[in-house]
Amino acid sequence: MINIKSPREVAIIKEASRLVAKVFEEVGPLVKPGVSTQYLADMAEKVIQSGGGIAACKGYGGFPGAICVSVNEVIVHGIPSAKKILRDGDIVSLDVVAKYKGYHGDACRTYPVGIVGEEKLRLIKVTEECFWEGVKLVKAGVRLGDVEEAIQKHAEGNGYSVVREFTGHGIGREMHEDPYIPNYGKAGTGPTLREGMVLCIEPMIMSGKPDVRTLGDGWTTLSKDGLPNAHYENTIVVTKDGYEVLTLEEKL
Ligand code: MF3
Ligand code: CO
């Protein structure tokens with residue numbers, strides 16, 4: 001069941017989402033060669049806690065980190081580690097969930113580390129575009145499949161593939177609620193969007209084949225062919241005439 005949030009609930013989710021955006025504003029600039037993924041997670045947790053929130057990934061299904069930090073071929077659920085040092089030419093995604101007054105906000109950005117090759121930069125750009133291509137269709141009355149198809153077309157049209165094993169999702173009191181939002185689909189199918197639905201749309205785009213494997217730690221998921229992946233996500237609320245994106249940075 002897809003629950004509709006009241007204006008009061010949306011207001012709280014906005015506050016949770018603001019904490020997530022603050023992480024990108026404050027921790028994004030710390031992404032550089034020589035820093036560990038643990039350091040980035042620690043700083044993200046500080047930002048969330050100083051705003052009165054909880055870094056909700058920690059302990060979720062047993063996940064050990066405050067946020068997910070995924071480097072290069074890791075597509076999702078990278079575990080922060082003091083031993084994992086970012087190097088010039090890497091790309092790294094920070095997937096951040098804040099819980100505030102019982103509600104969640106969730107977003108992800110992929111950053112270049114130092115000087116990064118054209119191909120990885122294009123992957124990051126197209127992944128972000130996939131989000132906007134999908135979200136621009138959102139308004140009350142539209143079918144979710146329209147959004148999913150738009151994301152898939154933009155990714156595949158650029159020679160990339162979309163991951164099948166992970167999807168976007170509704171969000172609220174729970175980090176993951178109905179509906180599930182694959183990054184592929186067919187226009188005219190799926191649930192109809194209603195005002196007050198709060199959704200996480202999150203293209204996870206692979207530069208090679210869409211096959212993934214998970215390491216023995218039970219979390220770290222990477223492309224089988226070793227090629228890099230990117231991830232871009234925002235929490236949005238569906239409105240009568242469109243949508244509002246809740247997790248955008250204020251300054252960039
Ligand atoms: N932020 C992820 C998502 O988009 C979930 C993180 S999984 C966790 O759904 F285990 F780290 F919480
Ligand atoms: Co999410």
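Buried residues are those under 20% relative accessible area, exposed ones are over 50%, and partly exposed ones sit in between (1.4 Å probe, protein chains only). The model is a predicted one, so to speak of local features takes a pLDDT of at least 70 and side-chain atom pairs count only at pLDDT 80 or more, while totals for chains, interfaces and linings use all residues. Side-chain values rest on heavy atoms, with hydrogens and water left out, residues are numbered from 1 along each chain as its sequence is written, and chains are lettered from A and ligands numbered from 1 in the order in which they are written.

Now to the salt bridges. Taking a salt bridge as a side-chain nitrogen of Lys or Arg within 4 Å of a carboxyl oxygen of Asp or Glu, the count comes to 11. One of them pairs Arg18 with Glu250, with 3.8 Å between the closest N and O atoms. Arg18 belongs to helix H1 (residues 7–27) and Glu250 to the segment after strand S15 (243–245), so this pair ties together parts that are 232 residues apart in sequence. Helices (H or I, at least four residues) and strands (E, at least two) are DSSP runs, numbered from the N terminus. Arg18 is partly exposed at 26% relative accessible area, whereas Glu250 is exposed at 65%. Glu25 joins in as well: Arg18, Glu25 and Glu250 are linked in a network of salt bridges.

Two further pairs deserve a look. Lys153 and Glu149 meet at 3.2 Å, N to O; these two are four residues apart in helix H4 (residues 144–157), so about one helical turn separates them. Lys153 is exposed, at 56%. Glu133 bridges to Lys136 at 3.3 Å, N to O, and Glu133 is partly exposed, at 28% relative accessibility.
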